[in-house]
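Below are some notes on the helix packing in this model. Please read them alongside the structure.

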Amino acid sequence: MIDPAVKQELLGYRQSIDNIDAALVHMLAERFRCTKAVGVLKAKYNLPPADPAREEYQIDRLRRLAKEADLDPDFAEKFLNFIIHEVIRHHEAIAADLKD
């Protein structure tokens with residue numbers, strides 16, 4: 001049996017984690033609303049869906065922020081690369097839809 005004090009402390013951490021997860025989902029949704037608008041603008045003006053210079057800048061910036069926050073920069077980069085890949089996929093789909 002788990003000590004009630006330990007159980008209570010664990011519950012407190014888990015509630016914080018749940019709140020953070022919810023905030024992350026809402027922040028990602030807002031980020032993708034913005035990147036969708038960027039995708040529409042790029043498609044409208046025939047700009048490429050990917051911007052390697054911007055992506056490199058963002059990765060460098062995020063790695064610096066991760067270090068400052070005591071978060072593994074490699075993890076932060078993997079996370080951002082996943083998001084970038086998804087954004088580019090969305091931009092390609094938007095461009096294809098506007099051509100139809």
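How close do the axes of helix 2 and helix 3 come, and at what angle do they cross?

1. The axes of helix 2 and helix 3 come within 9 Å and cross at roughly 145°. Axes are lines fitted to C-alpha atoms, for helices over the stretch in contact, and angles run from 0 to 180 degrees between N-to-C directions. Helices (H or I, at least four residues) are DSSP runs, numbered from the N terminus.

2. On sources: this is a predicted model, in which local features need pLDDT of at least 70 and side-chain atom pairs count only at pLDDT 80 or more, while totals for chains, interfaces and linings use all residues. Residues are numbered from 1 along each chain as its sequence is written, and side-chain values use heavy atoms, with hydrogens and water left out.

3. Helix 1 (residues 4–44) and helix 3 (residues 73–99) have axes that come within 9 Å and cross at roughly 40°. That makes helix 1 oblique to helix 3, where oblique is what remains once angles under 35 degrees (roughly parallel), over 145 (roughly antiparallel) and 65 to 115 (roughly perpendicular) are set aside. This crossing is right-handed too. Among the contact residues are Leu28, Phe32 and Thr35 of helix 1 and Phe79, Ile83 and Val87 of helix 3. They divide into 12 nonpolar, four polar and five charged.

4. Thr35, in helix 1, counts as buried at 13% relative accessibility; the class covers values under 20%, with exposed over 50% and partly exposed in between (1.4 Å probe, protein chains only). Not counting residues up to four places away in sequence, Thr35 touches Val87 and His91.

5. Buried residues of helix 3 include Leu80, Ile83, Val87 and His91, and the buried residues of this helix pack against helix 1 and helix 2 (52–68). Ala93, also in helix 3, is partly exposed, with a relative accessible area of 38%.

Notes:
Helix = DSSP H or I, 4+ residues; strand = E, 2+ residues; numbered from the N terminus. Left-handed = near helix turned anticlockwise from the far one by under 90°. Contact = heavy atoms within 4.5 Å. Nonpolar A, V, L, I, M, F, W, Y, C, P; charged D, E, K, R; others polar.
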